[in-house]
Amino acid sequence: MPTANRVHYAWIICFACSLLLFCTSGLSVNAFSIFLPYILQLNGYTNAQVSFLVTLRNLAALLALLFVSRYYRFFTIRNGVTAAGFLLSAGFIVYGFASRYAAYCAASFFVGIGYGLGTIVPVAILLHRWFNEKYALAFGICGASTGLSTLGIPSLLSSCIARFGLSATFLGEAAVIAVLICICWILLRESPECMGCTAYGAAAANRKKCPAKTPRTLRKEQWLLLIPMVLAVGAVTNVAYSNLSVLASGEGFDTRVISLMLTFTGVCIMLSKYLYGFLSSRLPVHICNWIFFVFLVSGLGLTPYIKGSMILLFTATGLFSLGLGMTATGLTIWAKELSGEYQFERTNQIFQLLYSAGSLLFSPLPGLLADRSGGSYVPCYIVFLLCALFFFSVIQLELHRCRETSRRRLRQSAVPQFASGRGK
């Protein structure tokens, strides 16, 4: 199979997974926020009703995550992600023909199920099978692809809505997703064995392993703080970003400005994810958290003052997006720091479920508060600021406890073991 002159098929798998995440996470979730102001204005729905569409999508995604392991025991990865992608496409077809609120709800549910089944879980499984080395690089490339959906796509969608209408744009996106998912099906393979080759860097499997680290276990009292902490991370990362478009719309900015803002924030998030991963491999995690926390709270703190000022709008949303690298990619790093190698997988899975649950629980909040404050979403972003202060305090406290525990064990292991007074 692969020779020195040929690209290893693992990188084709990486490209296909990037394309998959571009559809299931990028187009279906990240870029979808550009549709919310149009759904609000053209149908005469309340802010709470529009927020509920996001809530329903998050609920469906959470339900899908609960059953995703069983789903991929029944389907192959290749067929399973293809089915999830077509479910997304079907959701956008329902959006396109929707004339009643119940149809919008059904479409949101379809999209949520497809999103939950077709994102990180199958991609992580495939990359684990195909990469024995450079797994982190491949995973980073796939993760960055979700940000591509904000680079020009919101402006393109806004132009299509203005020229062809909301329904036609929904149907056009459904067709694009279906085509890209077909390309993914053509490129994807279950494992290297299916291609008669070995995983990328398979020779690295015989490298000398590092000495095993002392296992760490999260105590029950720690989970009492960690559970609400991760819920707050889901609120700040998912719900706050998803409502940036309606925040700007409520403060008087037109759709062209909002499209440019979403493109700008997409660039900031891509840069932020890369920088957080780059810095956390060279600096202690708690130091990296401080750097990105300053960006995050600065952006959230400026939201009450954006009305009528494009400079403040782009400054606030840009700083906020630069801080999201910590919350978007930090959960996995935090899970590894807190639990160590022995419980990392279990802790990370719990964190991801709690993250989705936080997105679900907080998603109705923006619309409800906006309806009570004359259509302004600023009060909700003040709540998000309080959430950011809370989760940052908790994670820094837990990381400090983890460091102290490691130092104490290191000191104990360095103490010479003398006889306890008994002669031999």
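## Close-up views of the predicted model

**View 1. Helices H3 and H17 pack with their axes within 7 Å, crossing at roughly 175°.** Here H17 covers residues 365–372, while H3 covers 47–66; helices are DSSP runs of H or I with at least four residues, numbered from the N terminus. Axes are lines fitted to C-alpha atoms over the stretch in contact, with angles from 0 to 180 degrees between N-to-C directions. H3 and H17 are therefore roughly antiparallel, the term for angles over 145 degrees. Asn47, Ala48 and Ser51 of H3 meet Pro366, Gly367, Leu368, Ala370 and Asp371 of H17, where contact means heavy atoms within 4.5 Å. This contact has four nonpolar, three polar and one charged residue (nonpolar: Ala, Val, Leu, Ile, Met, Phe, Trp, Tyr, Cys and Pro; charged: Asp, Glu, Lys and Arg; polar: the others, Gly among them).

As a note on all views, this is a predicted model, in which local features need pLDDT of at least 70, side-chain atom pairs need 80 or more, and totals for chains, interfaces and linings use all residues. Residues are numbered from 1 along each chain as its sequence is written, and side-chain values use heavy atoms, leaving out hydrogens and water.

**View 2. Helix H1 (residues 9–30) meets helix H7 (residues 120–130), their axes coming within 10 Å and crossing at roughly 175°.** That makes H1 roughly antiparallel to H7. On the H1 side you will find Tyr9, Ala10, Ile13, Cys14, Cys17, Leu20 and Leu21, facing Ile120, Val123, Leu126, Leu127 and Trp130 of H7. The contact of H1 with H7 has 12 nonpolar residues, with no polar and no charged ones.

**View 3. Glu190 and Arg129 join their side chains in a salt bridge, 3.3 Å from N to O.** Glu190 sits in the loop between helix H10 (166–187) and helix H11 (220–242) and Arg129 in helix H7, so the pair ties together parts 61 residues apart in sequence. The whole structure has three salt bridges (a side-chain nitrogen of Lys or Arg within 4 Å of a carboxyl oxygen of Asp or Glu).

Technical notes. Helices (H or I, at least four residues) and strands (E, at least two) are DSSP runs, numbered from the N terminus. Angles under 35 degrees count as roughly parallel, over 145 as roughly antiparallel, 65 to 115 as roughly perpendicular and the rest as oblique.
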